[in-house]
Amino acid sequence: MSLPCSLSDLGEDSHGESKPPSRKRLHKQSVIDDDQHEDLYDELSLLPKSEPQKKVHRANKENSDKENDGSRSLMAFRPKMQETFQRGSTPPQPGKRHFLCYNMLGNITTIKHDEYSHIEIDFHDTSTGPRVPPMTDHYGFTMASLNESGSIFVNPCKGEKNMSTLMYRPFSSWANNSEWYMEGDEVRAVALGATWVAAVTSLNLPRLFIDGGLQILSLDGPVVAAAGFKDELAAVTHVSDCLPSNEQMLEFRIFNISRGTQPFKGRLPLTPGSYLTWLGFSEEGQLSSYDSKAVLRVFTYQYGTNWLPLFSKLFSVVCKNSDSFPQVLPKPVLTLLNLSFPLASSVLGEEALENEFMLNSLHLSQIQKRTEVMAAEGLDTTSLDDEAFDTEAAQDKCIFRLIASCCNGDKLVRAIELVKLLSIEKSIRGAMQLAAALKLPVLAERFNKILEERLRSKTEILNTNLFSSKSGHSVKADLTVSKDLTATERSEISEPIDSSSSAKLSAPLFKKKIKSSDRC
């Protein structure tokens with residue numbers, strides 16, 4: 001996943017904290033003491049009535065002016081909704097090139113001259129990317145997007161009569177001059193997919209240009225950012241005005257363009273007091289966001305659907321000095337950063353192992369979701385099964401080391417919970433041997449009961465599968481096995497099971513899974 005260090009030129013001053021002023025009516029009270037001298041009362045009654053009215057009017061005017069000045073000063077610091085930004089772009093600099101787009105595939109840069117601009121498209125891997133000639137820009141394009149199929153350019157709306165111009169340039173086509181243009185209402189954000197182009201306009205309308213023609217969707221609020229990956233389009237919009245605590249109220253949507261569906265919709269979490277600075281997809285297709293408080297989140301299918309502040313590895317451009325965005329020259333260098341979950345302090349003192357456990361769990365949930373999608377489409381999932389097996393094996397090693405820490409730290413209840421998370425029976429047997437070696441017979445016996453229950457459950461599933469196959473319901477049975485068992489257990493389900501030998505610490509009951517690359 002590519003994350004440029006600055007993708008929006010928003011300043012902190014546009015997100016100041018304040019509360020809207022509350023107006024109060026001015027009240028005038030006139031108190032007359034009944035005990036005052038009669039002559040004084042008569043003297044006051046003989047005074048012209050216009051004088052106090054003028055004075056009161058003058059006093060009210062002065063107070064009103066002060067109140068208006070205070071209101072204007074408070075309103076100047078009222079939190080504002082953040083503006084739309086195009087991901088991967090940097091602000092223009094006089095006399096210098098700046099990025100219209102920067103991602104893991106390549107970048108689009110431009111430099112403005114007197115009456116035109118000069119645009120260049122470069123790919124990080126010049127051996128695989130197509131060679132795209134430079135382009136003279138007479139439209140004044142200010143935003144762009146890039147993928148393997150082509151590039152898209154958009155200029156802002158200039159006045160009421162002038163409209164935004166959108167231009168798409170494919171990298172390969174059987175016809176010459178295959179680029180096409182569209183004009184319409186002002187475009188705020190653009191995104192590219194496998195077979196579609198999306199332009200979100202000032203009317204909160206994502207216009208989709210696909211093979212079957214133009215389609216128009218509708219969003220609930222002003223757009224903040226958009227991103228595309230294969231068949232999926234993600235858009236983030238404002239839900240309402242900012243809270244007095246300077247929190248942006250944002251919502252995200254994910255559209256599947258090929259199916260014409262909206263699989264997910266919900267609130268976009270941000271760190272309190274921050275604003276969104278980047279939106280995009282990882283190389284595996286996971287929607288991710290980054291805010292101004294340097295917190296990266298990924299949309300995952302764990303716990304239903306949720307955003308997790310994480311990432312195991314992050315490609316970024318490290319800016320020099322106090323720059324908030326990279327310069328075109330010298331050429332930015334991608335840096336691989338290792339990040340972790342913001343976990344609370346570990347009771348076992350094993351923060352690294354617990355972070356590894358969380359990352360492996362996330363990876364397994366991603367593989368499971370991809371496997372379900374491919375299986376539903378009738379595609380081969382052998383490679384994903386192999387990947388799941390390798391991840392489960394790595395996860396078991398991590399859990400085993402956590403179990404050892406629990407045993408040494410006298411955290412036996414947690415050790416039992418961790419054993420239940422092991423995927424491979426051989427790993428459970430290893431935990432039993434560890435408990436026995438540490439002279440914890442009661443713990444070893446509990447581990448053994450967990451293994452026996454696992455084997456008994458697997459036997460019941462196998463018998464159900466065999467019965468369903470004879471009854472002509474094999475597809476339904478296969479889905480049951482797929483959901484209830486891990487990748488390792490699915491590969492071992494065809495092996496004979498003898499639960500009577502589960503208490504022994506001899507060789508494992510099941511053969512090691514043979515990966516697809518090792519099969520004849």
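Trainee: Which strand does Asn107 lie in?
Mentor: Asn107 lies in strand E3, residues 106-112. Strands (E, at least two residues) and helices (H or I, at least four) are DSSP runs, numbered from the N terminus. Before we go on, this is a predicted model, where local features need pLDDT of at least 70, side-chain atom pairs count only at pLDDT 80 or more, and totals for chains, interfaces and linings use all residues. Residues are numbered from 1 along each chain as its sequence is written, and side-chain values use heavy atoms, with hydrogens and water left out.

Trainee: OK. Is Asn107 buried or exposed?
Mentor: Asn107 is buried, with a relative accessible area of 7%. Buried means under 20% relative accessible area, exposed over 50%, and partly exposed in between (1.4 Å probe, protein chains only).

Trainee: And what does Asn107 touch?
Mentor: Leaving out residues up to four places away in sequence, Asn107 touches Phe99, Cys101, Tyr102, Glu120, Ile121, Asp122, His124 and Leu146. A contact means heavy atoms within 4.5 Å.

Trainee: Cys101 is in that list. How many disulfides does a search of the whole structure find?
Mentor: Zero, where a disulfide is a pair of cysteine sulfur atoms within 2.5 Å. Cys101 is buried at 4% relative accessible area, and Cys398 is buried at 0%.

Trainee: New topic: how many cavities of 30 Å³ or more are there?
Mentor: Two. On a 1 Å grid over the protein atoms alone, a cavity is a set of points where a 1.4 Å probe fits but cannot get out, and lining residues have an atom within 4 Å of a point. Grid points are joined across faces, edges and corners, and a volume is the space filled by probe spheres set on the points.

Trainee: What's the volume of the largest cavity, and what lines it?
Mentor: The volume of the largest cavity is about 70 Å³. Its lining includes Glu232, Phe264, Phe281 and Tyr301. By class, the lining has six nonpolar, two polar and one charged residues. Ala, Val, Leu, Ile, Met, Phe, Trp, Tyr, Cys and Pro count as nonpolar, Asp, Glu, Lys and Arg as charged, and the others, Gly among them, as polar.

Trainee: How much space lies in the second largest cavity?
Mentor: About 60 Å³. It has 10 lining residues, and Arg87, Gly88, Cys101, Tyr102 and Asn103 are the closest to its centre. Strand E2 (98-102) and strand E6 (143-146) each give at least two residues to that lining.

Trainee: Let's look at a helix. Which residues in H5 are buried?
Mentor: In helix H5 (residues 412-419), Ala415, Ile416, Leu418 and Val419 are buried. Seen down the axis of H5, the buried residues fall within an arc of 160 degrees, so they line one face of the helix. The arc is that of the directions from the helix axis to the C-beta atoms.

Trainee: Where does Lys439 lie?
Mentor: Lys439 sits in the loop between helix H6 (425-437) and helix H7 (441-470). Lys439 has a positive phi of about 60 degrees although it is not a glycine, and it is exposed at 71% relative accessibility.

Trainee: Last one: how many helices and strands does the chain have?
Mentor: The chain has nine helices and 23 strands. Of its 520 residues, 42% count as buried.

How values were computed: 1 Å grid on protein atoms, 1.4 Å probe; cavity = no way out; pocket = protein on both sides within 12 Å on 5 of 7 lines; lining within 4 Å.
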